[in-house]
Structure formats: C-alpha cells, structure tokens
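Here's a quick briefing to read with the model open beside you. Have a look at the picture first, then we'll go through it topic by topic.

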Amino acid sequence: MNKAAQTRLAHILREHESEILTSWLQHQRSALSTGSRLISEAEVGEQSRQFLALLISAIRNGIIDLMASEWTEVRDMLSELSRTRAQQGFTPSQTAMFIFSLKQPLFECLRQEFAGDAEALAGETWTATMLLDKLGLLTAEAYQKGREEVISRQQHEMMELSTPVVKLWEGILALPLIGTLDSQRTQIVMESLLERIVQTGSDIAIIDITGVPIVDTLVAQHLIKTVSAARLMGADCIISGIRPQIAQTIVHLGVELGNVVTKSSLADAFALALKRRGLSVQSRKDGS
Amino acid sequence: MERIPILKMGELLLVTIQVDMHDRMALALQDDLSERIVANGARGVLIDISALEVVDSFIGRMLGNIAAISDVLDAKTVVVGMRPAVAITLVELGMTLQRVRTALDVEKGMELLHASLREAGSSNHNAPI
C-alpha cells in the first residue's frame, strides 16, 4: 500500500471529521437503543469525539500498525473504554459496535471522495476495513479482559467471604463451611482456623459442614487434614452438621474419619464443647 | 555442639526449643532426654516448640520418636505451642503424630500433664495390693 493513499485517508478523516462524527453518533444511537440506559448520550458523544480526534492524530503519519508507538493513545483509550463498558454491563456486540458503527459513515465519505476512481476507492476501502477490524478486535480483547478481571475479583471476594471463623464462647471457635471444599479453599480455611486458634487461645473448634453440598473422599480428606493440623497445635475439633445423606455417603465411600468426634447439629457440638470446658447451660428457676 | 537445655521441675521435665533445630541437635535431644527421664525418674515431659519455625519430615519424625520413647519410659509427653505454619507443613507431609499429645501453650500443657498424672496416681492408689 503506498504512502500517498494512506495519507489520503488521514486527509479525508480530517476534512470530514464533523460530518463523520454526526453520522457515527446516529448509527451508535440506533445500535444502542436497547441498552441506552447504561450510558448517557452525552457520554457516548464525548467518547466518540475524543476517539476520532485520537484516530486522526494517530493516522497522520500514515502508519497503520496498531503496535506502533503513534497508536498508543488510541489503544489505551479503546481498552479503557471497553473495560469500563464490560463493567457497566454492555454485551460484547454492543461494545464492538462502538468501532464497527464507524464503518458506514467512513465508507460513505470515501465513496463521495473517490466517486470517479473505482481503483482508489477499492484500495482505500480495504485499508479502512483493515484498520477498523483491527480496532474492533482490540475492543473485543479488552472487553474480555475486563470481564475476566471482574470474575477473578469476585472469586477472590467469595474466597474471603466464605471462610469466617466465629468465636462462640471463651475457648470455643466455630467454622461454618459453606460451598464445595477444594484444595485451595481448604488451605485458606485451615490457615484462618489455625491463626484464630492461636489468637484466641481456643482449644475446641467446631467445624460445621451444614452448608457443604457434597462430601466425597477428597472433601473428607481435606476435613481430616484440617482436624489433624488443629490437633497438632493442641486444639480438638468437632465436626457437626452432617446431614443423613452425607452420613450415608461417608459410610458407603468407606471414608475413615478416624477418632474425630462428629455430631449431627451445631447445637449438639456446642453442648459437647461446653461440657468439655466444664460449663453447663441452665434455665432460670423463676422462669423470667 | 549446641545442645537444647532440659529443665527439671519436680517430677516433670521441661524442654524449650528456642532455636531452629537441625538434625544432629534433634538426635542429641533424643539421647539427652531419655537419659534424663531415667536419671530423674521423671513422670512427665513438656516440649515447647513455639519458637520452632521450620520443620521437615526428619524433625517431625524426631518429635514423634521422642514422645514415643518417653511413653515407653512411662513419662507422659505433651508438645505445646506448635505454630500454624508448622502444623500445616506436618499435615501436608502426612505426619499427623497420632501418638503425641498436644496443647496450645505451656500453661495448658502443664494442666494436661498434671491431670493425667493425677489420674495415673489415683489409679495406682486404688490398685489392690
């Protein structure tokens, strides 16, 4: 592709900036009609204007290589925009539409400019298509990355949320487990439980598995690991919240829980823990 | 060579490991401790490992062995103050030290020892002559 043709593209863009922008905004408006609540029109206008300005300044040198340093600003702006839109809840096609809706106004302009020269029109159109496609792919990539960031952040938050260690009484801790136990979670659960055992000087820990949907050999093994580690530190564990089906599964799988004390409900486990500490709960005689 | 001191408290022996124990030190401790249990006629041993930050399978096994040896010599052994990281490491190494009694800190370990000694004492007392 010769340099002259490419500078023409830059020239055309600069010449017809305002009319391309108006038409582009119109196209975007119609494409976004369903998702218009997500973003204000003024914001779209501002983003489009800014993008077009950056595009024109980047294309000025006639280099259509997105990895070149002239394109840094365009790339940054587009990635930022896609990431924001991913977080605002745009669909992938709505996000990509930002770039692809620029095609029609741009081609319209090219057609008017090269009305008599079919050869040049074809060449310029090809260049413009290539450029916009590359930019579109960049948008899609950035969108994907934005979504992945959201997912990994949520995963991380869930990890933290799902492992609270509660102090039930002086010297008695409870660990209500919710959700499936995998190796990574077991590690976090184990660490936070052991840390709390040291912090509070508790010698009884109740692990409640009411919220664990499935107990298979692996989960059982993870539980046993946690219990063993707590025992090594000098704290006894009671496993509670074993539902009837889970008790059956444990026996059918032949899982050996060793000499870990198991109780069917957290209340039973708590009663046992109180008893071990020499405490008892009593109802008041006067009944008030 | 550096040795780990063994303190006598009545009929109990107290071992505090304040440094990172290496293999020869652990072997020496095993020797010294078994000698001292016999020499003093100790009834209980308390091993405080709250300063121990690094363990490997060898040290883990030594802890188990020391406890087992004391048991054979009729001295109750309690290991106290194991750090979370150490406990996790030992479990991941597959060493749950089933025969070792544990407690959170020295105070609780002492209580446990006294309780088990009282138990043993009273059962002896009740035994028919």
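Accessible areas here come from the Shrake-Rupley method with a 1.4 Å probe, and for residues only the protein chains shown count as cover. On that basis chain B has an accessible surface of about 6600 Å², 52% of it on carbon and sulfur atoms. For chain A the figure is about 15500 Å², with carbon and sulfur atoms holding 54%. Keep in mind that this is a predicted model, where local features need pLDDT of at least 70 and side-chain atom pairs count only at pLDDT 80 or more, while totals for chains, interfaces and linings use all residues; side-chain values use heavy atoms, with hydrogens and water left out. Residues are numbered from 1 along each chain as its sequence is written, with chains lettered from A and ligands numbered from 1 in the order in which they are written.

**Confidence**

- The model comes with an ipTM of 0.81 and a pTM of 0.65.

**Chain A overall**

- Chain A has 11 helices and 5 strands, where helices (H or I, at least four residues) and strands (E, at least two) are DSSP runs numbered from the N terminus.
- Of its 288 residues, 43% are buried; buried means under 20% relative accessible area, exposed over 50% and partly exposed in between, using a 1.4 Å probe and protein chains only.
- Among chain A contacts with a separation of 6 or more, 72% join residues 24 or more positions apart.

**Chain B overall**

- Chain B has 4 helices and 5 strands, and they run β-β-α-β-α-β-α-β-α along the sequence.
- Buried residues account for 45% of the 129 in chain B.
- Of the chain B contacts with a separation of 6 or more, 76% are between residues 24 or more positions apart.

**The cavity**

- On a 1 Å grid over the protein atoms alone, a cavity is a set of points where a 1.4 Å probe fits but cannot get out, and a pocket is an open set with protein on both sides within 12 Å along at least five of seven lines; lining residues have an atom within 4 Å of a point.
- Grid points are joined across faces, edges and corners, and a volume is the space filled by probe spheres set on the points.
- Searching the whole structure turns up 1 cavity of 30 Å³ or more, and the largest cavity holds about 40 Å³.
- Its lining residues include Leu175(A), Leu181(A), Val189(A), Ile207(A) and Thr226(A).
- Strand S2 (172-178), helix H8 (183-200) and helix H9 (217-233) of chain A each put at least two residues into that lining.
- By class, the cavity lining has 6 nonpolar, 2 polar and no charged residues, with Ala, Val, Leu, Ile, Met, Phe, Trp, Tyr, Cys and Pro taken as nonpolar, Asp, Glu, Lys and Arg as charged, and the others, Gly among them, as polar.

**The pocket**

- The largest pocket holds about 840 Å³.
- It has 29 lining residues, and Arg231(A), Gly234(A), Ala235(A), Asp236(A) and Thr102(B) lie nearest its centre.
- H9 and strand S4 (236-240) of chain A, plus strand S5 (101-103) and helix H4 (106-126) of chain B, each supply at least two lining residues; H4(B) gives the most, with 5.
- The pocket lining has 12 nonpolar, 7 polar and 10 charged residues.

**Residues to click on**

- His16(A) sits in the loop between helix H1 (3-15) and helix H2 (17-31) of chain A. His16(A) counts as buried because its relative accessibility is 17%. Leaving out residues up to four places away in sequence, His16(A) touches Cys109(A) and Glu113(A).
- Arg276(A) belongs to helix H11 (residues 266-276) of chain A, and counts as partly exposed because its relative accessibility is 41%. With residues up to four places away in sequence set aside, Arg276(A) touches Ile204(A), Asp236(A) and Val261(A).
- Asp74(B), in the loop between helix H2 (57-72) and strand S4 (76-80) of chain B, has a positive phi of about 60° although it is not a glycine.
- Leu97(B), not a glycine, has a positive phi of about 45° and lies in the loop between helix H3 (84-92) and S5 of chain B. Leu97(B) is buried because its relative accessible area is 12%.

Note on methods. Contact = heavy atoms within 4.5 Å.
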